[in-house]
Amino acid sequence: MEKKTFLGSIMRGDSWIWGIYWLLFFISVVEMFSASSRLVYKSMTSTDPVFRHMEFLFWGLGVVLVFQSLNIKAIRNWSIIIYAAGVSFLFALPVFGRTVNGAVRDVGGLQPAEICKVGLMMALCLAMTASDEFYYRFSIFRKNVKLYRYLFYLLIAAIVALPILTQNLSTALIIGMATISVLWIGGAKGLYLRRTLYVVGACGLIGFAALYGLHEWDNANAAEGKTLVNLGPINRAHTWASRVFDKDPIPLADQTPNDDNAQVIHAHMALANSYPFGKFIGNSQLRDLLPEAYSDYIYAIIFEETGFIGALCVMLLYIVLLGRCFYLAGKTSDPFIRLLMIALPLIMTIQALMHIGVCTDSMFVTGQPLPLISRGGSSILLTSVSLGIILALSRLIKAEREMQEANEVSQVQIESV
């Protein structure tokens, strides 16, 4: 048995995961100091935006320290609580929600989408690893337990994804990709998965065609001086259509920045400005010009200041986190711990790669923050919940391994007597 140090008694769980957490924490503080200059102009002091961000980070650290100590029963209970809280906030959004950047996104400062991403992964893993005896309590499942269980998994995801879709397409896409991945990793029947993908693919093609038709219609109305038609709950479709299909024939380098292209142009300039080794920390030249440099485009500032190597290292932190969690998941015999150990870092990594894709112009603009690095209280706190639970699971896996090793030693001693 390892002798516990004082620091080890506070930071429980896998040391690799803690190391990645502290690196992200440090990068977040340093880059926020560099990227928040636009916020400084609006605040009372030059340090207020950074201190506000650090306040959320330290609240997040407190959340990590609390959740890392949970036992397996508590984690199961929190799976239901977080999912139910996310759904409740989500359905309160149309009534009590606040409009941010043209979409209804938060209730009382909390973004239901962030709660739902974590809650859905936990609830889905809980449902997938429940025993058949649990489902046999409900008569509907007895007819075809495998099919009805699978439909129940889809229902858990649909309750969250469909309402989010109307206001935040990119988050719905993240949820969809993570859900399909978890169903596949969790051993869902291949036939059901293929049919689900066929239906999703068909709906995606229909939606893509509808967006193209809407884009052409909007362009025709704009040419005639007409205003955009109000589409009610899916009014954000106008924005989606313009982001996907608007392609200016003028090369980006020759375009004049305006409200529509300022983010993309200045993000490109930040990346180009990084050659060959970056401008070094605090020397960004685009932070004052790039809208949302502290949030949706913070990776572009990281790229400009640290160059390709620094930006690559930041991306690899999320990939290494996922890889480490995959490795640890293979060390446990508990199916719930194994699946959740993969699901939580998976959705975090998908979000990070989507953010990076936007900043490097590899995909259309989405507005996704970089987990734990971008400014945003809801994102930081819910990412901290995920990391706290991941650390708790790693602690439980380690305890399980130690118990197995102790039993093996005892068995050998008994056999040698």
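## Basis of the description

Because the model is predicted, local features need pLDDT of at least 70 and side-chain atom pairs count only at pLDDT 80 or more, while totals for chains, interfaces and linings use all residues. Residues are numbered from 1 along each chain as its sequence is written, and side-chain values use heavy atoms, with hydrogens and water left out.

## Salt bridges

Four salt bridges are found in a search of the whole structure, a salt bridge being a side-chain nitrogen of Lys or Arg within 4 Å of a carboxyl oxygen of Asp or Glu. One of them joins Arg 324 to Asp 14, with the closest N and O atoms 2.7 Å apart. This pair links distant parts of the chain, since Arg 324 is in helix α14 and Asp 14 in the loop between α1 (6-10) and α2 (15-35), 310 residues apart; helices are DSSP runs (H or I, at least four residues) numbered from the N terminus. Arg 324 is buried at 19% relative accessible area, and Asp 14 is buried at 11%, where buried means under 20%, exposed over 50% and partly exposed in between (1.4 Å probe, protein chains only).

Another salt bridge is that of Arg 76 and Asp 334 (4.0 Å, N to O). Arg 76 lies in helix α5 (residues 72-96) and Asp 334 in the loop between α14 and α15, so this pair ties together parts that are 258 residues apart in sequence.

## Helix α14 and its surroundings

Trp 16, Leu 316, Ile 319, Val 320 and Leu 353 make a nonpolar surface patch of about 430 Å², for which nonpolar side chains (Val, Leu, Ile, Met, Phe, Trp, Tyr) with over 30% relative accessible area and no salt bridge are joined within 5 Å. Helix α14 (residues 298-329) gives the most to this patch, with three residues, and Val 320, which is in α14, is partly exposed at 37%.

The axes of helix α13 (residues 262-272) and α14, as lines fitted to C-alpha atoms over the stretch in contact, come within 7 Å and cross at roughly 25 degrees. That makes α13 roughly parallel to α14, a term for angles under 35 degrees.

## Two loop residues with positive phi

Phe 280, in the loop between α13 and α14, has a positive phi of about 75 degrees although it is not a glycine, and at 55% relative accessibility Phe 280 is exposed. Leu 372, in the loop between α15 (335-359) and α16 (377-416), likewise has a positive phi, near 70 degrees, but Leu 372 is buried at 1% relative accessibility.

Definitions and conventions. Patch = residues over 30% accessible without salt bridge, like charges linked within 9 Å, V, L, I, M, F, W, Y side chains within 5 Å. Areas by Shrake-Rupley, 256 points an atom, 1.4 Å probe, with all protein chains shown as cover. Axes fitted to C-alpha atoms, helices over the stretch in contact; angles between N-to-C directions. Parallel < 35°, antiparallel > 145°, perpendicular 65-115°, else oblique.
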